[in-house]
Amino acid sequence: MTGRAGASVEAVFREERGLLLAALVRRFGDLDLAEEVTSEAIEAALVRWPAEGVPPKPGAWLMTTARRRAVDRLRRDQAYAARLAVLQVEAERAAPTPPADDGGLPDERLQLFFTCAHPALSAEDRTALTLRCLAGLTTPEVARAFLVPSATMGKRIVRAKNRIRTLRIPFRVPDAGELPGRLPGVLQVVYSIFTEGYAASSGPSLQRLDLAEEAIRLARILRRLLPGEREVAGLLALMLLIHARREARTDPEGALVLLDDQDRTRWDRAMIAEGADLVVQALSGGPPGWYGVQAAIAALHDEAPDVAGTDWPQIVALYDVLRGLAPSPVVELNRAVAVAMRDGPAAGLSLLDALAAEPRLRGYGPFSAARGDLLSRLGRNAEAAAAYREALSLAGTEPERAHLRARLAEVEAASEER
C-alpha cells in the first residue's frame, strides 16, 4: 500500500495496536491468542480500508474483527476454550474492566505493562515482551534490538509467554499496597530500552534513535495512565532531556562528539522545556525519586550555556542525593567526574582510584575512559594511555572505538615528547 491510505493505516496501527492487544488479553486471558487475532484484524484492515476508507472508530472496528476471529478459533478448539474460560474468570476477579475510550476500546495497556514486566520473568524477557507487545515491534525487530538471531528471540518470547501461562501471572494493575514495589520494574524496562537507544551496546552507530523514541512513546503512555506517579514524570523528563541532545552527539559522519564540544544550538529546546517542566512535577509533593533526581542533573546540563558555565556544585549535590536513594558504583563514578569538574582533575581522580577495586566497575569501559581523561589532564600521559587502551578493549560501538583510538594516539604522542 502506498500514498496517504498507507500512511493513514500505519498511523492507526501504531496508535491502536497496543490498546487492541491489551483489551483482547483482558477479554480472553491469553497473550498468544490475543496477538494472533490482533495481527489478523490488522491484516484485514490493510485489505479493506484502502478501498472502503478508515472507519470513524478504527479501534472499535479492529476490536470487533479480532473478537470474531478469536471466537471462531475457540469454537474450533473446545479444550483451548475451556482452559481460557478458567483464566478469564480469574482475570475478571482480579480486576474489573475499565471504561472504554472514545474509540470504543478500554485502555488496558497499564495491565499489559505490569504483565510484561512481572518479576517472575527474567530481565531480558521483560524487555523483549514489552517491545513485542506494547511497542508493537516484530520478533525480528526485537531480535535486532538485542543483537541476537531472530530464532533466538522467538524462543525467548515463547518462553516468556509460557511462563506467564504456567504461573498464571494475572493481567492486572497491582493494588495500592503492591504498586510501589512493582512500578520500579516497569520503569526500569522502559529505561533499559531507552539506554540501548541512547548509547548502543555494540554495532556501527553510537545511537539507535528508533529505540530511544519508542521508549519515550512508552513513557508517555505510562504518564497518561499514571498521572499521579512522580517517578513516571521523572523517567519521561530524564529521557526527554537526554534525547534533546541527539542531533549534536555525532558529527555528519557519525563520529562521537563529547558534551564539551557539542553545538548546543542543535539541542531540541522544546524537548528541554518539556523535560524541565516535568522535573518540577517529579520533585514536588514528596521525597525525591531516582529518576526525578537524574532528570534534575540532566536539566542542569541542558540549561547551561557551556560546560564551564554548568552548575557543577549543584550537580555534585544531586549525586549526593542519589547516593542516599540508590548507592551504586556507577553513581560514584559519575559523582567523581562531577567533582573533577568542580574541584579539579586531581580531586576526581582520587575518588576514581578509590573505586578501582569495585568488582562491578571491572570491565566497565566508561570507568577506564574517565580515568584516562583525568590522567591526561594531569599530564600523566603514560598512565592515561594505559587507561585508554583498557577502555578501547571494552568499547562496544565503532564511534566509541574511533574516539578512544584518537585519544590514545594523543596521549601516546604527548608521552613520547616528554
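Analyst: In what follows, contact means heavy atoms within 4.5 Å. The model under discussion is predicted.

User: How many helices and strands does the protein have?

Analyst: Buried residues make up 48% of the 418 residues in the protein. As for secondary structure, the count is 19 helices and 0 strands.

User: Which residues have the most contacts inside the largest nonpolar core?

Analyst: The largest nonpolar core has 99 residues. Its largest share, 10 residues, is supplied by helix H11, residues 230–243. Within the largest core, the residues with the most contacts are Leu-112, Leu-129, Val-190 and Met-239.

User: Which residues does Val-190 touch, leaving aside those up to four places away in sequence?

Analyst: Val-190 is among the residues with the most contacts inside the largest core. With residues up to four places away in sequence left out, Val-190 touches Phe-113, Ala-215, Leu-218, Ala-219, Leu-222, Leu-235 and Met-239.

User: How are helices H5 and H10 oriented to each other?

Analyst: Arg-109, Leu-110 and Phe-113 of H5 meet Leu-218, Ile-221, Leu-222, Arg-224 and Leu-225 of H10. The residues of this contact comprise 6 nonpolar, no polar and 2 charged. The axes of H5 (residues 109–116) and H10 (residues 209–225) come within 10 Å and cross at roughly 120°. Angles from 65 to 115 degrees count as roughly perpendicular and those over 145 as roughly antiparallel, and the two helices are therefore oblique.

Key
Residues numbered from 1 in each chain as written. Predicted model: local features only at pLDDT ≥ 70, side-chain atom pairs only at ≥ 80, totals over all residues. Heavy atoms only, no water. Axes fitted to C-alpha atoms, helices over the stretch in contact; angles between N-to-C directions. Helix = DSSP H or I, 4+ residues; strand = E, 2+ residues; numbered from the N terminus. Parallel < 35°, antiparallel > 145°, perpendicular 65-115°, else oblique. Nonpolar A, V, L, I, M, F, W, Y, C, P; charged D, E, K, R; others polar. Core = buried A, V, L, I, M, F, W, Y, C linked by side-chain atoms within 4.5 Å. Buried < 20%, exposed > 50% of the residue type's maximum accessible area, 1.4 Å probe, protein only.
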